[in-house]
Amino acid sequence: MTLHKLPGQLFGLFLGLVWLLIAGIPFYFMVITGFKGRFELFSGGSVFSFPENPSFENYNDVLTGGTFFQYLGNSVLIVSVSVILILVLSSMASYVFARIPFRFSNVLFGLIIAGLVIPLHVTLIPVYLLTREIGLYDSLWALLGPYVAFNLPLSIFILTEFMRQIPVELEEAARIDGSGPMRTFAQVILPLSTPGLATLAIYNAVILWNEFVFAFVLILSPEYRPLPLAIWEYQGEYSMNIPAIMAVLSLSTLPLIMIYIIGQERVVKGIMAGALK
Amino acid sequence: MATQIIPKRKAAAPRKWFTWDEYTLTIILFLLPSLLLMAVFVVYPILSSFHLSLFEWNGIDPVRTPVGLANWERLLQDDIFWRAFRNNLTVVALSIMFQMPMGMLLAIMMERGGRRFIFRVFKTVYFFPMLMSSVSIGILFKYIYDPSFGIINETLEAIGLEGQSWLGETNLALFAVVAVICWQYTPFYMILFLASLNSVSEDLRDAARIDGAREFQYYWYVALPLVRGTVRTAIILSLIGSLKYFDLIWVMTEGGPNNASELMATYMYKKAFPSFDMGYGSAVASALFIIVMILALSAFYFSRRLETEV
């Protein structure tokens, strides 16, 4: 490090620390408050202070309250089914766009990509009416159609780009051995697309794990609610029991934080998939 | 097809092996499910929104009353809708004005820091907000802004300033929410910019250094012009995202107080669902669609010259 660079380095470090505080303090507040007693916040102590008697009571209350695991289960179920469907459908469509030239290929691809810009709120009323009409209203499966349809455009876009990078020679070899397009897709293209599929699985899972609007409009009964909607409901239920709400927030964020800590690079790549290409 | 033992590379152009039936079948079978789903849940709802905007309907009655363009006339004179529109534009402007420079500064800082330990800690923690749902973030910040038990007021009072009812004041609520949006998304743009700065060739940095450029000059004159394509992408993403905002606002303020933080999406929801005014709600939704499309397309169009390969 030469001398004239020092002020810049110090400024960089200072900026880094400031943003570390800005980004970190809300999480610190969330986690420590979750361990506080119900009335500790009201007793005049600092909100930053450590809990007087750290306890898992709030966590215990939330976890044994009976409903948390149900919400968690709902979320896991709808997110995994949706992600699998998204991956299957988008890889099939992407294969066609990447590899089989046909007349309206570009037009159809362009139309699908236009779906990226569409604000989903525009579709809320008709989707709600449609869901009521086909009898799925107020069930977990009401979410499946919108969840899959709205995440197809980006997944198709990314996978098509990905499949175009796969060397054509491999498919030619398969074709010469007498393999048709469907078998080539299943046995050559799909295995080679695994890294792209993994990125997309993470991207879609995070988006859907946190989805709120469709769940809010399409589901009425508590027993079918996925987690984000349930968190919103807990807030009303525990109204002034701030430590309990913070425990709920910590618990619902925990799965993603764990996955993040295990596979940091991959998760970052997954979440940024929408922008980084 | 006859078995060929020795593959003739490149000899077979796509057309040659185009056995019509099977390829056509694949095209149809592989595209149909995706196209069908998007037609039902994306295309049809958009058209249906426009159609429903011509009726007065509570969503339950079997009878819809056609009212022509009455809902659209009402929309044009609806002060709350235009207020929501202006609020949306404020969110767009403030988001871009804060997140882009801050994201870029942090990205440059991270690039200079490299893989040193403290910078790895920075990167890990910075990314946390991206892992939380907007609902959780909204609830968390509701308590952070809380006038009596929140972090913000306690900090302000500790340094002798007066606390505020951040989400309860009409002139503060929108800005309080925008601050949370910036907290949530600045790291996203930081990562985006960092990846793009990293892709600038080291040779250029060396060349700049040999020519006597300082760090700041390297970034200003060499790196930034090269990554302007990414900045363009970021601005468009931020623009479209800000126009669609719903979750965070809904959880924190429900558009209040007194519509001070109302956005087009929250207003649309309020009209359609709690008020069961499906016709007018659809008009608001259709207007939202038109506005987003116009702004997104103009953003694409007017920023064309910024496009780069990075």
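1. Contact here means heavy atoms within 4.5 Å. By that criterion, and leaving aside neighbours within four places in sequence, Y126(B) is in contact with L15(A), G16(A), W19(A), L20(A) and A23(A), and also with L106(B), M109(B), M110(B), P187(B) and M190(B).

2. This is a predicted model, in which local features need pLDDT of at least 70 and side-chain atom pairs count only at pLDDT 80 or more, while totals for chains, interfaces and linings use all residues. Residues are numbered from 1 along each chain as its sequence is written, chains are lettered from A and ligands numbered from 1 in the order in which they are written, and side-chain values use heavy atoms, with hydrogens and water left out.

3. Buried means under 20% relative accessible area, exposed over 50%, and partly exposed in between (1.4 Å probe, protein chains only). Helices are DSSP runs of H or I with at least four residues, numbered from the N terminus.

4. Helix α5 of chain B, residues 134–144, has 10 of its 11 residues buried. Among them are I137(B), L140(B) and F141(B).

5. S139(A) sits in the loop between α5 (124–133) and α6 (144–164) of chain A. S139(A) is buried at 17% relative accessible area, and its side chain reaches the backbone oxygen of L136(A) at 3.0 Å. Not counting residues up to four places away in sequence, S139(A) touches L218(A), I219(A) and Y224(A).

6. The whole structure holds 10 salt bridges over all chains, each a side-chain nitrogen of Lys or Arg within 4 Å of a carboxyl oxygen of Asp or Glu. One joins E171(A) and R99(A) at 2.4 Å, N to O. E171(A) is in helix α7 (residues 168–176) and R99(A) in helix α3 (residues 68–99) of chain A, so the pair ties together parts 72 residues apart in sequence. Both count as buried, E171(A) at 9% relative accessibility and R99(A) at 14%.

7. In chain B, E215(B) meets R112(B) in a salt bridge of 2.6 Å, N to O, and R205(B) in another of 3.9 Å, N to O. Salt bridges that share partners join E111(B), R112(B), E202(B), R205(B) and E215(B) into one network. R112(B) is partly exposed at 25% relative accessibility, whereas R205(B) is buried at 6%.

Notes:
Helices (H or I, at least four residues) and strands (E, at least two) are DSSP runs, numbered from the N terminus. A polar contact is a pair of N or O atoms within 3.5 Å; within protein, one must be able to donate a hydrogen and the other to accept it, and residues adjacent in sequence count only if both atoms are side-chain atoms.
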